[in-house]
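Please keep the sequence and the structure in view as you go through them.

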Amino acid sequence: MTYGFEQVRLDKGMYGESGKSFTQVLESVDPSENYRGTAMEGLDAFQRQLKRFDIKVKGAASDMVEKFFYSTESSVLFPEFVSRVVRQGMEEDNILPSLTATVTKFSGMDYRSIASIPSEEEKTLRRVEEGAALPETLVKTQENLVKLHKRGRMLVGSYEAVRYQRLDLFSVTLRQIGSHIARMHLEDAIDVVINGDGNGNAADAFAIGDETIGGTSGTLTYDALLAFWAEFDPYTMNTILVPGDVMLKLLKLDEFQNPMTGLNFQGTGTLATPLGATLLRTSAMPAGKLIGLDRNYALEMVTAGEVLVEYDKLIDRQLERAAITSISGFSKLYQGASKVLSI
C-alpha cells in the first residue's frame with residue numbers, strides 16, 4: 001500500500017512559514033486524519049517522515065546522528081528532531097504548569113495584559129434589588145508592557161564530533177538544554193510573582209515576627225503558616241513554592257510528620273501540606289522565603305511560539321554555535337492571589 005507521506009517533498013523553506021511550526025506545515029500537506037484505520041494511525045506527520053527514512057531515534061538500537069544526513073530531504077527533519085527533544089527536556093520535572101493560570105501564545109515582543117483590580121466593596125457579592133443596576137467589574141489593559149525574555153543555549157560541537165553518536169545518547173544532551181531553558185523561565189516567573197511585572201503589583205510581603213504573622217523571626221512554625229494562609233481570603237493558597245532550606249524546616253514540623261502525609265509522599269512522590277496546598281521545591285527560589293499562591297488566578301505565562309532552532313545551520317551540518325532558544329514572559333493577574341513569607 002502506498003501512503004501519501006512517501007511523496008511529500010521536504011525543504012528548509014517549511015521552517016519559514018509565518019505563524020506555522022514545521023509540524024503544522026507537514027500536517028497541512030499530509031493530514032493525520034487520512035491515516036485513520038491504517039498502520040500509521042497514531043503517528044503525526046513528523047513521525048511518519050521518520051518512518052519514511054527509517055530513522056530510529058529511541059532505544060539501544062537507535063540510529064546515529066548521521067542517519068539524518070543520508071539525503072538532502074531527510075536532513076530537513078533534523079532541526080525538528082532537536083526542537084522536540086529540547087521541548088521534552090523542558091517538560092520533564094517542569095513545575096511552571098503548577099504555577100500558571102493560563103498560557104497565552106503571542107506573535108511579537110510587546111504584549112500588554114489585562115487586569116481587574118476590585119476594591120473591597122466590589123469583592124462583596126451583594127443582593128441586587130429589582131430594577132437596580134448590577135455591580136460592575138472593571139477590566140482594563142495594564143499600563144506597562146509584559147517583558148518577554150529570550151532564554152536559550154548554544155549547541156557547540158562539530159558535525160564530525162557527533163555524527164557517530166547514537167540519537168538516544170545525543171538526546172540526553174538536548175534534554176539537558178531543555179531543562180536549563182525551563183529553569184530560566186521558572187526564575188523569571190518567580191521574579192514576577194515576588195516583584196511584579198512592572199505595573200505596581202508586587203506580591204504582598206509578610207515576615208515571621210511581624211504583627212500579622214507573629215512568632216519569632218527565623219523560626220518557622222505551623223501557627224505562622226496558618227496566619228499566612230489566612231491572609232489569602234477570598235483566594236485559596238493551593239500552592240506553596242519553597243527553596244531547599246525552607247523545605248527542611250517544613251519537614252521538621254510535627255504537623256508534616258503525620259503518618260498519612262508521609263504515606264502519600266512515599267506512594268506518589270507528592271508531598272501535600274496539612275493546609276491542603278501542593279508543596280513544590282526548587283533551587284530557583286531565594287533562600288529563606290516562601291511563596292504562597294492561588295495558581296488559578298496568580299500568573300499568566302506569555303510565550304512567543306515554540307522552541308526556536310537555527311534550522312539553516314543544523315540542516316547544513318553547521319552545528320558549531322547553533323542557538324536553541326525560547327521566548328516567554330509572565331504577567332501578574334490578580335495581585336492578592338500570591339504572597340511572600342520571609343522566614
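**Notes on helix packing and aromatic pairs**

1. The buried residues of helix α1 make their contacts with α2 and α4, against which they pack. This is a predicted model, and the points below should be read with that in mind. In α1, which spans residues 22-29, the buried residues are Phe22, Thr23, Val25 and Leu26. They cover an arc of only 160 degrees around the axis, and they therefore lie on the same side of α1.

2. Turning to α2, its buried residues are Ala45, Phe46, Arg48, Gln49 and Leu50, and what covers them includes α1 and α4. At the start of α2, a side-chain oxygen of Asp44 comes to within 3.1 Å of the backbone nitrogen of Phe46. Following α2 is Asp54, which has a positive phi, near 55 degrees.

3. Which kind of aromatic pair do Phe68 and Phe78 form: stacked, edge-to-face or tilted? The structure holds 14 aromatic pairs, and in this one the ring centres are 5.3 Å apart while the planes stand at 55 degrees, so the pair is tilted. The reasoning rests on the cut-offs, because planes under 30 degrees apart count as stacked, those over 60 as edge-to-face, and the rest as tilted. The pair links distant parts of the chain, since Phe68 belongs to the loop between α2 (45-52) and α3 (72-75), whereas Phe78 belongs to helix α4 (residues 78-91), ten residues apart.

4. Phe78 also forms an aromatic pair with Phe81, and this pair is stacked, with 6.2 Å from centre to centre and 25 degrees between the planes. Both Phe78 and Phe81 lie in helix α4, three residues apart, which is about one turn of the helix. As a general point, an α-helix has 3.6 residues a turn, so residues three or four places apart point the same way.

5. Are the residues of these two pairs buried or exposed? Phe68 and Phe78 are both buried, and for Phe78 the relative accessible area is 0%. Phe81 has a relative accessible area of 4%, so Phe81 is buried, given that buried means under 20%.

6. In another place, the charged end of Lys339 sits over the ring of Phe232, at 5.6 Å from its centre.

Technical notes. Residues numbered from 1 in each chain as written. Predicted model: local features only at pLDDT ≥ 70, side-chain atom pairs only at ≥ 80, totals over all residues. Heavy atoms only, no water. Phe/Tyr/Trp six-rings, centres within 6.5 Å; stacked < 30°, edge-to-face > 60°. Helix = DSSP H or I, 4+ residues; strand = E, 2+ residues; numbered from the N terminus. Buried < 20%, exposed > 50% of the residue type's maximum accessible area, 1.4 Å probe, protein only. Lys NZ or Arg CZ within 6 Å of the ring centre and 35° of its normal. Arc of directions from axis to C-beta. Contact = heavy atoms within 4.5 Å. Polar contact = N/O pair within 3.5 Å; in protein donor to acceptor, adjacent residues only side chain to side chain.
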